[in-house]
Amino acid sequence: MIFRQLYLVLLIMAFCQCHGNSNTVANREKLMSRVDTLEKVESVTGQFKSNNQVIQLSDAMEKLLFVLNKGDIYLPESGFFLHLSQVDAKRLGTAYILLIPLFPDRENLFFTYDQDFTFEIVPMPGMENCYYTKNVTFFNAHNKDKISSENDRYPATIFNQPTLKDTIEWSIFSDYRDLRHVPQWIDHLDNNQQVIVHYVGCAETTNGGYAIHDYRPTTVADLARKRLNDVSNQMESLGVPGAEASQHEWKTWLDKVISLNPKDQFSKGGAKVWTKTFQENTNGLFALDETKGKIIRLHPQPDYLNFKDQQLLSINPADNSIQVGKIASLQQPNAAEFVDFRVENGTLFSINKLFQWGQYSAEPSNEKTTFYKERASKKLLPMVRDMIIDHTYMTPEHSYILYHKDRTVNYEILCINSRTGTIIAQKTVDRLLAEAHIAKGTIEYLPFATMNNTSPDFPLLFKLNEVIYHLSLNAKLIPVETVKLPANLPWHPSYLSADKRSFYFDKTDNELLFYPIGQKESIPSIKLQDHLFDRYIMLPDGDNFRFFYEYGDTFTHGIKTVLINGSTFRQEGEAELVYSYVPLETESSDNTPNNLRAFKIGKKWIVTFMLEQKLIVAEI
């Protein structure tokens, strides 16, 4: 996380120096934009700085570089920031570039600070201000000293006429990242001529350790097989041949891989995309204002100083805008610690952690930033100390709150009028179980299911005496449905109720699983072609369902969607791309999509999520 923040700071500084502060935000977003696979080589001079951190490259970046360099590459592990000379900074429009070396840094070149070095660089497709260099020899521009990073890896005759006079240093050859000369190694898979491999070991004696030198005749074919085994381990997602594959199989595979056009992988699909960049990557609460056709994103802690640029956001698909609003102020202490809210014709109805119901609407103003003023509030519990809200569920008419006292298992449920905050019903869960004719026992509550506001009733999921139950409660907190669910129900399911059909669902690897409620027939699973991650949602789409999910493939990462038939629960057509990008760094929760939400407005779907510090909105 530290190097990510420094990385952004460096880019901001760079862009500010070259373009001025007015263009800072626009330029800060460049690393995931333009696609250009044409290899344009140019020369730049710059310095490495001691306060620059390295970027750990993602697996996707490694595969992309392998393909771009036709399988002849030293596989990079990191990218380094190069502070450009004034001339090159002006020419490239940035003071810093991210430089990816395609060779081993055996001379600690990239940790030699405050000295001028000259590189030949090639732009990285799919992003700006990111380049790779294939140089194996550099020149110190300060004193013209030659710096070599080759270290004489192989004798000159290894791929020509190898003999036992040729010696290969195992310590260098065993570098699994050294995938250079893969085409030549494939050509020599059947070469039984021998060379000498030099091994160095250590043995411990009473007088201390000493080196043992071992010289073994080894066929070039064995070395080739070892090198191609490294390729298999590193390029598995490219459908690499098996360990004992023939020379023909390897040649066929390499020809197919190096003929790939990465540009085809970077398509943004048919979605219209607009974005807004913030100071921090945070999650927000979302609600659709159906009357105004807008999506409101409310930050749970709008009073927190660092989140002031994203207290309340209004996403308007009509003009592709993301407008910033404010709701926190000293005069409105209740506008804090939000756990849920909904919007109706511009008015917000909310619930916070202090069991305060609130009503807010926009204050008339000529300012660009809209302030939402508290119009009404109600305290829902006389005593809230040590009370913890476990889950809330808000519909246009009713709002449900499941809560318990800290360090106890005494759970209660509260139902209020969503528009007035008036309490309709309040019951303990023990009383609910008695009314549902469920025998008392030790309750193990499952984590609440992810729900969509499609049911007027509140679904309660729990485990009692090793049996999993689903209860649906009406506004008076009376059980209207009690169902025993399969024991294999996952620990973190999602819940959907639409058109009198209710079910839980979850995914395992790339398979979407369904668990029907109150229906005798099972629902078949759906196997998707993509590799799925843990961020996904499903919503009603007319008589069908729309499934949005985070995917990852060889070169890209992003969001896709599929249509699921509401009658047969089978996938309709191919998956549709919503948004894709080339992941620069090793994937983590900080640099992959999160807070995924989707809303249907008219005939269009609006999909929104956070990617690093950027809120991305796509319309499909």
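Me: How do β19 and β20 pair, parallel or antiparallel, and over how many bridges?

Reply: Strands here are DSSP runs of E, at least two residues long, and helices are runs of H or I of at least four, numbered from the N terminus. Two strands pair if DSSP finds at least two bridges between them. In this predicted model, β19 and β20 (residues 347-352) pair in the antiparallel sense over 6 bridges. Look at Arg342, for instance: its bridge partner in β20 is Phe349.

Me: Before we go on, what should I keep in mind about the model?

Reply: It's predicted, so local features need pLDDT of at least 70 and side-chain atom pairs count only at pLDDT 80 or more, while totals for chains, interfaces and linings use all residues. Numbering starts from 1 along each chain as its sequence is written, and side-chain values use heavy atoms, with hydrogens and water left out.

Me: Which strand order does the open sheet of 8 strands have?

Reply: Follow β15-β16-β17-β18-β22-β21-β20-β19, with mixed pairing. The edge strands, β15 (285-289) and β19 (338-344), each pair on one side only. From one strand to the next, the twist averages 30°; the axes behind such angles are lines fitted to C-alpha atoms (for helices, over the stretch in contact), and angles run from 0 to 180 degrees between N-to-C directions.

Me: Now the inside. Which residues touch the most other members of the largest nonpolar core?

Reply: The general idea is that in soluble globular proteins, nonpolar side chains tend to be buried together. A nonpolar core is a set of buried Ala, Val, Leu, Ile, Met, Phe, Trp, Tyr and Cys residues joined through side-chain atoms within 4.5 Å. Buried means under 20% relative accessible area, exposed over 50%, and partly exposed in between (1.4 Å probe, protein chains only). Of the 48 residues in this core, Phe66, Met124, Val231, Trp250 and Trp253 touch the most other members. The largest share, 6 residues, comes from α3. Domain 1 (39-148) and domain 2 (167-259) both contribute residues, so the core lies between them; those bounds come from an automatic or database domain assignment.

Me: And where does Asp386 lie, and what is its phi near?

Reply: Asp386 sits in the loop between β22 (370-379) and β23 (387-394). Its phi is near 65°, a positive value in a residue other than glycine. Asp386 counts as partly exposed because its relative accessibility is 42%.

Me: Is Glu612 buried or exposed?

Reply: Buried, because its relative accessibility is 13%. Glu612 lies in the loop between β41 (604-611) and β42 (614-619), with a positive phi near 55°.
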